[in-house]
Amino acid sequence: MPQRLIVAITGASGAIYGIRTLEALRSRPEIETHLVLTAAARATIAQETSLSPRDVESLASVVHPPSNIGAPIASGSFETLGMIVAPCSIKSLSAIANCYSADLVSRAADVQLKEGRPVVLMVRETPLHAGHLRLMSQAAENGAVIMPPVPAFYARPTTIDDIVNVTVGRALARLGIQNVLFSEWRGMSNPRSDAPGGS
């Protein structure tokens with residue numbers, strides 16, 4: 001039986017994070033990807049990339065319409081490694097945090113959480129008001145991993161791809177999927193501090 005990962009792309013800016021996740025897993029035939037693209041994600045893909053929604057769908061093993069709440073991924077009996085929502089809009093975050101399963105993204109996420117499987121939410125919004133922060137806290141209390149796509153500058157990225165790859169690589173690692181998109185931290189090559197305690 002293949003290992004399965006649910007990948008959802010919602011309408012927040014940063015569709016490349018979900019796309020790169022699918023691209024990284026294309027070379028891993030042992031992992032079956034189940035993709036859900038929201039209507040807003042389709043518009044964002046067209047705005048932010050040179051790809052069409054159909055191009056993105058072709059990267060996945062299986063594609064599920066967001067309205068199909070009867071899809072296999074909507075049941076806990078369908079074994080998966082977990083789920084990643086990349087990027088995760090505030091609307092989707094709100095639905096997931098409040099267990100409001102109105103579409104397949106929120107239903108699949110709720111199912112993964114109730115089954116104790118990891119759900120990584122790449123929340124993409126800034127600045128954040130108190131309501132956003134409460135939603136993230138609530139989702140985390142329900143078991144979700146809140147992982148905004150924050151650049152890792154210690155890796156000295158020189159391209160946008162470098163930034164995207166490290167974030168996606170770390171997210172996949174959090175889901176238990178080893179990959180080569182980022183390098184393990186080996187410590188500072190020239191540690192230095194001008195104040196006691198390194199502050």
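The model is a predicted one. Helix α5, which covers residues 104–114, is largely enclosed by the rest of the structure, because 9 of its 11 residues are buried.

**The sheet and the helix packed on it**

**The enclosed helix α5**

- The buried residues of α5 are Leu104, Val105, Ser106, Ala108, Ala109, Asp110, Val111, Gln112 and Leu113, and what covers them includes the strands β1, β2, β3, β4 and β5 together with helix α4 (90–97).
- At the start of α5, a side-chain oxygen of aspartate 103 reaches to within 3.3 Å of the backbone nitrogen of valine 105, while just after the helix glycine 116 takes a positive phi of about 75°.

**The nonpolar cores**

- The largest nonpolar core holds 28 residues, and of these Leu5, Ile9, Leu22, Leu35, Val56 and Ile84 touch the most other members.
- Two or more residues are given to this core by each of β1, α1 (15–26), β2, α2 (39–48), β4, β5 and α7, with the largest share, 5 residues, coming from α1.
- Leucine 22, when residues up to four places away in sequence are not counted, touches Val7, Ile9, Thr33, Leu35, Val56, Leu59 and Ala60.

**Histidine 34, in a strand**

- Histidine 34 is found in strand β2, which runs over residues 31–37, and it counts as buried because its relative accessible area is 3%, under the 20% limit.
- The side chain of histidine 34 makes a polar contact with the side chain of glutamate 32, at 2.6 Å.
- Once its neighbours within four places in sequence are left aside, histidine 34 is in contact with Arg4, Leu5, Ile6, Val7, Val62, His64, Ile73 and Phe78.

**Threonine 10, in a loop**

- Threonine 10 is found in the loop between β1 and α1, and its relative accessibility of 1% means that this loop residue, too, counts as buried.
- The side chain of threonine 10 reaches two backbone atoms, namely the oxygen of proline 87 at 2.7 Å and the nitrogen of serine 89 at 2.9 Å.
- Not counting residues up to four places away in sequence, threonine 10 touches Thr38, Ala41, Val85, Pro87, Cys88, Ser89, Ser92 and Val105; of these, Val105 is also one of the buried residues of α5.

Conventions: Residues numbered from 1 in each chain as written. Predicted model: local features only at pLDDT ≥ 70, side-chain atom pairs only at ≥ 80, totals over all residues. Heavy atoms only, no water. Helix = DSSP H or I, 4+ residues; strand = E, 2+ residues; numbered from the N terminus. Buried < 20%, exposed > 50% of the residue type's maximum accessible area, 1.4 Å probe, protein only. Polar contact = N/O pair within 3.5 Å; in protein donor to acceptor, adjacent residues only side chain to side chain. Contact = heavy atoms within 4.5 Å. Core = buried A, V, L, I, M, F, W, Y, C linked by side-chain atoms within 4.5 Å.
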